[in-house]
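Take a look at the model below. We will walk through a sheet, a core and a loop.

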Amino acid sequence: MERKELALVVDMYGCPNRCGHCWLGHMENRRMEAGADEWIVNYFRPYFDRIVYYSWLREPDFCDDYRERWERDKRLSVNTAPQRFELASFWRLVRDPEYVKFLKEAGVRRVQLTFFGLEGLTDRYVGRRGAFGELLRATEILIENQIAPRWQAFITEENKEELTELFHLAKRMGLKEKCASFQEEFVFFVHAGGCDGENRKLYPIRIQKPHIPEILKPYYLDYDQVLTEKECIERLKGDASHVEYHNGQQIVLNISNTFDAYFNFTHMTEPWKIGNLREEAPKELVRRAVEEDTWALRQAKKISAGELAERYGDGRSERTFSLYDYRAYLLNRYLDDAFAVEQN
């Protein structure tokens with residue numbers, strides 16, 4: 001039996017949104033069949049003595065029986081228990097008055113809400129009309145119930161000016177003072193996000209470092225570690241290391257609604273697939289997961305970070321990245337090319 005803990009994060013119900021930043025990538029919405037959750041846990045049970053089960057991969061609690069669902073997730077978990085983190089469904093918050101009570105009962109103290117600008121841009125990037133208004137109403141509902149909202153904003157060349165307006169809107173709404181009244185902190189932060197999944201498609205409008213509005217710099221996540229693409233390439237010149245990913249003491253597997261398994265290192269695309277639970281023998285799929293023996297990770301060892309930067313980098317670009325995210329961006333460019341060649 002494997003000593004590492006296994007986390008199973010399963011797309012059982014889908015998601016109401018089609019967000020432009022989604023690092024997982026867009027997937028078809030379909031409800032998994034009854035009993036799929038128990039079948040998935042039993043698939044791995046002989047190989048792990050600790051398994052934590054989550055019934056959502058995208059929007060949390062995107063099912064009507066969310067109270068029973070949370071209790072079932074806890075029952076299905078083996079020798080451990082799932083956590084709530086700072087995640088909740090803003091779609092459900094504005095539609096179900098009982099939902100915020102459930103969050104309180106489950107011990108949720110803070111909830112992250114994601115913006116892409118003001119109304120027009122946020123609605124477009126969430127992929128649903130009315131999303132911006134729902135985020136504002138969700139903010140009010142959370143505060144009324146003494147749960148602190150955390151406003152996350154993804155910044156691009158397209159929305160940089162609107163995000164300054166969003167910042168001022170938060171101040172006009174008095175969110176900092178309202179949260180302080182129940183001893184919690186209102187958090188506002190911006191960042192460009194990684195460059196995988198849907199967010200990778202935003203590369204052409206990825207924010208350039210000189211264009212980050214001055215007023216937003218104190219709220220830019222890890223601003224002291226932000227580099228331009230040009231600076232990333234300079235740092236990677238002659239770098240003989242490989243872009244590697246490794247699990248720690250916990251192996252986290254993202255399971256699609258078609259039973260495909262992926263590590264949570266990056267987006268859920270064919271090059272990164274570990275295998276399909278319906279098609280693969282458990283022993284072999286578990287071996288791949290434990291030994292990190294997958295096509296993408298084997299390919300990553302064939303090219304150095306310096307070679308990736310030379311092949312795919314734009315030495316004139318001032319688009320912003322962390323060095324970690326930029327290495328991931330380069331690797332996925334290479335994997336897409338290598339996979340296409342192999343398939344042909």
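Start with strand S4 (residues 148–154), which pairs with S5 in the parallel sense over five bridges. Strands pair if DSSP finds at least two bridges between them. Strands (E, at least two residues) and helices (H or I, at least four) are DSSP runs, numbered from the N terminus. Phe154 stands opposite His191 in S5.

This is a predicted model: local features need pLDDT of at least 70, side-chain atom pairs count only at pLDDT 80 or more, and totals for chains, interfaces and linings use all residues. Residues are numbered from 1 along each chain as its sequence is written, and side-chain values use heavy atoms, without hydrogens and water.

S4 and S5 belong to an open sheet of three strands, in the order S3-S4-S5, with parallel pairing. Strand S3 (110–115) and strand S5 (187–191) are the edges, each pairing on one side only.

Now turn to the core. A nonpolar core is a set of buried Ala, Val, Leu, Ile, Met, Phe, Trp, Tyr and Cys residues joined through side-chain atoms within 4.5 Å. Buried means under 20% relative accessible area, exposed over 50%, and partly exposed in between (1.4 Å probe, protein chains only). The largest such core has 120 residues, and Leu8, Phe44, Trp151 and Leu253 touch the most other members. Helix H13 (residues 323–343) gives the largest share of this core, nine residues.

Ser241 lies between helix H9 (229–236) and strand S7 (250–255). Ser241 is partly exposed, because its relative accessible area is 31%.
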